[in-house]
Amino acid sequence: GGAGRIKGPGRGEFRSSGVLMKYALNEDMVRDRGGHLDEKEDANSDEEQAGHIGHHCTDWCCLLLFFAAFVPVFWILQYSNDNGDMRRLYHGYDFLGQLCGVDANASNVTTGKFLYWCPLDNGGLDLQHPVCRDSCPTNDNGTWPCFRGAETRGQGNPDPDTDAGSFEQTVHYNFEHTQDYDSFVFAFRYCLPRNSTLQREVTSVIAENKMASWLMDLSGVLNAWLPLLLSGIIAFVLGYVYLFLIKTLAKCLVYSCLVILIIAPIVAGSYFIHITYNGGADGIPSTGDGRLDYAFGICLCLLGTAFFFLTCCFHHSIEVAIGCVEAACDCMFDTPTLLLEPFVALVVKLLAVGIMLVGFFWLLSTGEMTKVTYQQYVFQVPGVDFSGIFRSFTYTDEQLKMLAYYIFMVFWVAELFTALSQFVLAYAVQLWYFTPYHDGGKDAPCLPLLRGYRIGVSYHLGSLAFGALLVAVLRLVRVVLAYLVKQMKQEENPVGRCVAKCCLCLVTCFQRCVEFLNKNAYMDIAINSSSFCTAARRAFTIIIQEFAEMGVLNGATWIFQVAGFGAITAVGTYLTLIMVRTVPWFTDLDSDHYVHNPVAVTICAGLLCGLIAVAFMIVFDTVADTVLYCYAIEKKRRAKGELDPEDEFAPPSLHALIGS
């Protein structure tokens with residue numbers, strides 16, 4: 001353990017493991033954090049060793065607001081429970097309009113839960129008259145009563161003295177036992193034939209975009225877990241290889257891109273100036289084309305020259321950006337558990353948002369459902385040629401308001417978990433950054449992700465909810481504007497459509513700015529335990545001060561992210577395709593791991609490799625941005641004398657730039 005003592009007002013020492021850590025607790029720092037010094041963490045924590053005030057609760061009013069916002073959600077869920085039935089959304093219904101497994105038939109017996117399209121005498125399927133049955137047949141040995149026509153009985157006549165009248169009629173439905181066909185359960189509620197010809201009859205009507213066919217192909221992918229597992233391992237290996245290449249060749253790659261940006265315009269401009277004296281690009285003198293070529297060539301040469309001077313003027317910023325990229329790779333190699341965060345965040349977010357979406361679909365089921373029934377065929381409703389699946393819902397004004405509020409809450413919850421993930425990554429990176437170098441290396445913090453989640457949920461959930469609220473509101477506004485654009489397009493209103501598109505563009509740009517500021521604010525909260533507004537103000541100041549460095553870094557990381565995503569996904573997918581087509585385990589018909597559809601498995605492997613590549617790139621981008629933010633904080637603290645000059649936190653390439 002270590003003992004601490006305060007020396008004078010506002011300055012103290014902390015000694016641990018023979019390393020002296022100085023930190024300042026001046027009045028400005030205390031004021032920025034709301035003065036909550038009584039709630040800080042243990043003095044032996046990494047935060048204190050890095051020169052931070054212990055974390056305390058921030059923006060608790062926003063946290064109360066977030067919890068209070070769920071009171072109407074609970075009321076909506078109770079309303080959905082009383083008036084809705086989710087089975088109305090996904091259960092099939094027979095040609096009489098009875099929901100399979102929900103409604104009762106004429107004998108007051110609940111119908112079977114599976115929808116079944118009966119075979120016709122001509123070898124096709126009766127798509128207009130599906131029936132409900134208890135199970136899907138797996139062979140052609142059994143029979144099932146199917147619709148074979150209807151006749152009207154007891155028809156009355158309307159009053160001949162009036163143009164309109166009413167009458168009664170009884171429709172008698174005829175059923176005959178028809179031989180079954182081999183089928184399987186599709187989408188948990190539908191009997192889909194295994195025969196490819198009959199299958200195409202159904203799927204071509206269900207989805208013109210072949211989505212049903214894709215879902216059926218992907219159903220066999222569940223058995224191909226081994227090649228998918230191997231492709232995931234390949235993607236992880238490729239991710240680390242790519243990070244190693246970035247770490248080793250970052251400076252070379254960045255300066256190579258800059259050289260291309262300088263030389264390419266100058267060479268192209270020189271070419272256009274040269275051809276000016278040879279009749280222009282069309283090779284025909286006196287057409288006026290030469291003057292245009294000359295002007296274009298001058299502009300390109302000026303552009304290349306401008307890139308050259310910008311490179312010279314911002315050389316320091318470029319070096320800082322390169323140092324941040326190299327430091328980000330070092331951090332990810334030192335703390336490989338960072339790569340788990342995108343997957344942890346994805347699982348947690350899907351769980352939370354999934355639970356809320358269940359309530360949303362529950363609320364959707366409260367509307368009045370319109371089904372395609374046999375009676376619509378009798379009266380020849382236009383556009384009706386298929387029964388059993390398609391349905392529509394209508395809602396009252398009160399239900400629409402509940403849907404809008406519930407959608408907003410789904411956005412808020414989703415953005416909250418995004419904010420928490422960004423905070424956790426920033427917290428883990430700042431722990432690594434502010435751990436001093438010893439013998440040329442850092443002692444990686446223990447369980448940084450778990451500690452980040454504990455700190456974020458225990459102390460800063462209110463601040464994260466505040467930032468998430470801003471983004472959720474803007475996202476909801478974007479959804480409304482996008483809907484207006486669609487409506488204006490249908491109504492052929494070009495003026496309204498143009499105005500709505502302009503508003504949508506402005507809101508989207510503003511949302512991107514808010515998201516970028518929020519990301520940096522979460523970094524400040526992780527380092528300084530600030531409230532959201534204080535952190536956002538400080539983050540904005542640092543963005544202005546380090547604008548050039550951030551611009552270069554974001555440009556460099558964007559190039560690295562695009563290249564990394566493409567390389568990892570393409571190479572991983574190609575290796576998987578070679579594997580499933582050449583390895584005997586996957587090509588031998590007698591093998592337990594035989595892959596009957598290599599294309600579908602390869603596509604899934606490509607999606608998996610892409611998901612892993614995105615995880616690598618998200619972490620790389622966030623780590624690089626956080627390293628730059630920590631670098632800016634370290635510069636400030638060293639300028640104020642708040643850090644021991646003997647302690648080196650930044651990697652050597654960055655440490656040499658501090659104070660330069």
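Tutor: Buried means under 20% relative accessible area, exposed means over 50%, and partly exposed lies in between, with a 1.4 Å probe and protein chains only. The structure is a predicted model, in which local features need pLDDT of at least 70, side-chain atom pairs count only at pLDDT 80 or more, and totals for chains, interfaces and linings use all residues. Residues are numbered from 1 along each chain as its sequence is written, and side-chain values use heavy atoms, with hydrogens and water left out.

Student: Is C331 buried or exposed?

Tutor: C331 is buried, at a relative accessible area of 0%.

Student: Which cysteine sulfur is closest to that of C331?

Tutor: The closest is in C630, at 9.1 Å, which is too far for a bond. A disulfide is taken here as a pair of cysteine sulfur atoms within 2.5 Å.

Student: What about C312, buried or partly exposed?

Tutor: C312 is partly exposed, with 44% relative accessible area. Its closest cysteine sulfur belongs to C313, and the 6.7 Å between the two sulfurs is too far for a bond.

Student: How many disulfides are found, then?

Tutor: Three disulfides turn up when the whole structure is searched. With the bonded cysteines of the protein chain numbered in sequence order, they pair as 1-3, 2-5, 4-6.

Student: Which cysteine is joined to C100?

Tutor: C100 is joined to C132, with 1.9 Å from S to S. This link is left-handed, with -75 degrees about the S-S bond. The two cysteines are 32 residues apart: C100 is in the loop between α5 (87-90) and β4 (114-116), and C132 is in strand β5 (residues 131-133). Helices (H or I, at least four residues) and strands (E, at least two) are DSSP runs, numbered from the N terminus. C100 counts as buried at 0% relative accessibility, and C132 counts as buried at 11%.

Student: And which cysteine pairs with C118?

Tutor: C118 forms a disulfide with C146, at an S to S distance of 2.1 Å. The torsion about their S-S bond is about -85 degrees, so the disulfide is left-handed. C118 lies in the loop between β4 and β5 and C146 in strand β6 (residues 143-153), so the pair ties together parts 28 residues apart in sequence.

Student: Where do C136 and C191 lie?

Tutor: C136 is in the loop between β5 and β6, while C191 is in strand β9 (residues 190-193), 55 residues apart. A disulfide joins C136 to C191, with S to S 2.1 Å. Both C136 and C191 are buried.

Student: Changing topic: which residues touch the most other members of the largest nonpolar core?

Tutor: They are L338, W412, Y433, F620 and V623, in a core of 103 residues. Such a core is a set of buried Ala, Val, Leu, Ile, Met, Phe, Trp, Tyr and Cys residues joined through side-chain atoms within 4.5 Å. Helix α13 (residues 397-433) gives the largest share of this core, 23 residues.

Student: What does L338 touch?

Tutor: Leaving out residues up to four places away in sequence, L338 touches C331, L425, A428, V429, L449, V619 and V623. Contact here means heavy atoms within 4.5 Å.

Student: Where does V241 lie?

Tutor: V241 lies in helix α8, and it counts as partly exposed at 43% relative accessibility.
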